[in-house]
Amino acid sequence: MKIEQIAKPIQIGIKTAPNRIVYQPTESNNCDAEGSPTETTFDKYRRIAEGRPGIIHIESIDVTKRTQARTNRMCIMEENLPALERLVSEIRNINGDSIVLFQLSHAGRLSDPSLKPGYSVYDSGDGVRSMSKEEIRETSREFVDAALRAEQVGADGIDFKQAHGFIGGDFLHPANRRNDEYGGSFENRTRFFRETYHAMRSGLKRGDFIIGSRISPYEGVMGGFGTSEPDGMIEDLTEPREFARLLEAEGLDYINVSAGYANANLELLIPTDQYPEGVFRHFYWTSLIKDAVGIPVIGSGYSNLRDGDNNVRAADPEKKSLLYWAEKNIRESKTDMIGIGRQSIADPNFARKVVEGTIRDIDWCTACSGCGLLLGSQLEVGCTVYQDIENLPVK
């Protein structure tokens, strides 16, 4: 297959990504008890740096220790800064071209109650308490502080996460009927994002610091983002497209499109062979966001296509492969970049092999969900096909 579109550079803010491949933030559960990178973490990112994608996302980093979705997650507090600075430096020593972004995250209602009690933006009847207005303001400050720390340790920018049911996305739900300035109308439900983003920008020192956001245009939960009513389930992308336009108007540098809700419908978030058509739903959601804005848009869902050995109903294996659809979607302006998660775990050198034309050497993700099983079992995450992992959990 001829590779053209994927290998092209692209401008993100005032920086340039060397190609159109994005390694998505993938949790690893391999940090220490304080949330700092360990030697296992450094080794993971050395291998990723060698892969030379256009964008490297560093994990999904907690901005607070008041909630916790996983054990041994990476954190970005003052005590973590020396190790995070070393992490960025080690990536740069290997690869000075890829854009390095920290995804800033807050578990909110998705906090594991066995680890830390969660709290939510609004009462949804699930027994998780709602945040006070002061807690909302404190959470905003935590995100702002985290962005400034990311700048301090040398990252190129941050992803201000508004996806998958984490705290940022919780505000956006039509089901968010708080009776104060953070609930009800679309203006109120986007207030947390706008206030936090403005505070980030005003506190940053570097004019080239990138801020983007990963969003879930359709979450597939009642009253979630991508519906039009507090108790709605029918897909309606009117507000997600309006939110994308707001992100662009506010000055964000890119939008990273995903879908689904982390503890409700993983088939939406991470398409598998049991629902191969889910990949093309991702392409559709991404194309609608891309059509609404002019800033770069990253698409998701590609890993499950791999080399065409999948359950998509098509006679020609090449025309149902990851690289075929990546080239096609970029060429037809359905996306600007392609995001891969599981494939980057299976083969950290994926981007380099694609750009250099050694496609036959790629270790293709088999979509076995072994890495997800490790994550859900609170174990260190790796590829159960290509890495020697002991004590695998039983499905």
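## Helix 2

Start with a quick length check: helix 2 (residues 81–94) has 14 residues, and at 1.5 Å a residue it should span 20 Å, which agrees with the 20 Å between its end C-alpha atoms. Keep in mind that this is a predicted model.

The buried residues of helix 2 are Leu 81, Ala 83, Leu 84, Leu 87, Val 88, Glu 90 and Ile 91. For packing partners, these buried residues have helix 1 (39–51), strand 4 (55–62), strand 5 (99–105) and helix 3 (133–152). As background, an α-helix has 3.6 residues a turn, so residues three or four places apart point the same way.

## A buried lysine

Now for Lys 320, which sits in the loop between strand 11 (297–299) and helix 10 (322–331). Lys 320 is buried but makes no salt bridge. Asp 309 has the nearest side chain of opposite charge, and that is 6.5 Å away, whereas a salt bridge would need the atoms within 4 Å.

What Lys 320 does have is the backbone oxygen of Val 312, 3.1 Å from a polar atom of its side chain. Leaving aside residues up to four places away in sequence, Lys 320 touches Leu 305, Gly 308, Asn 310, Val 312, Ala 314 and Trp 325.

## Two positive phi values

Most residues other than glycine have a negative phi. Asn 29 is not a glycine, yet its phi is positive, at about 55 degrees. Asn 29 lies in the loop between strand 3 (21–23) and helix 1, and is buried, with a relative accessible area of 4%.

Gln 378 also has a positive phi, near 60 degrees. Gln 378 belongs to the segment after helix 13 (370–376) and counts as partly exposed, at 22% relative accessibility.

Definitions and conventions: Residues are numbered from 1 along each chain as its sequence is written. This is a predicted model: local features need pLDDT of at least 70, side-chain atom pairs count only at pLDDT 80 or more; totals for chains, interfaces and linings use all residues. Side-chain values use heavy atoms; hydrogens and water are left out. Helices (H or I, at least four residues) and strands (E, at least two) are DSSP runs, numbered from the N terminus. Buried means under 20% relative accessible area, exposed over 50%, partly exposed in between (1.4 Å probe, protein chains only). Lys and Arg count as positive and Asp and Glu as negative; His and the chain ends are not counted. A polar contact is a pair of N or O atoms within 3.5 Å; within protein, one must be able to donate a hydrogen and the other to accept it, and residues adjacent in sequence count only if both atoms are side-chain atoms. Contact means heavy atoms within 4.5 Å. The expected span of a helix is 1.5 Å times one less than its number of residues.
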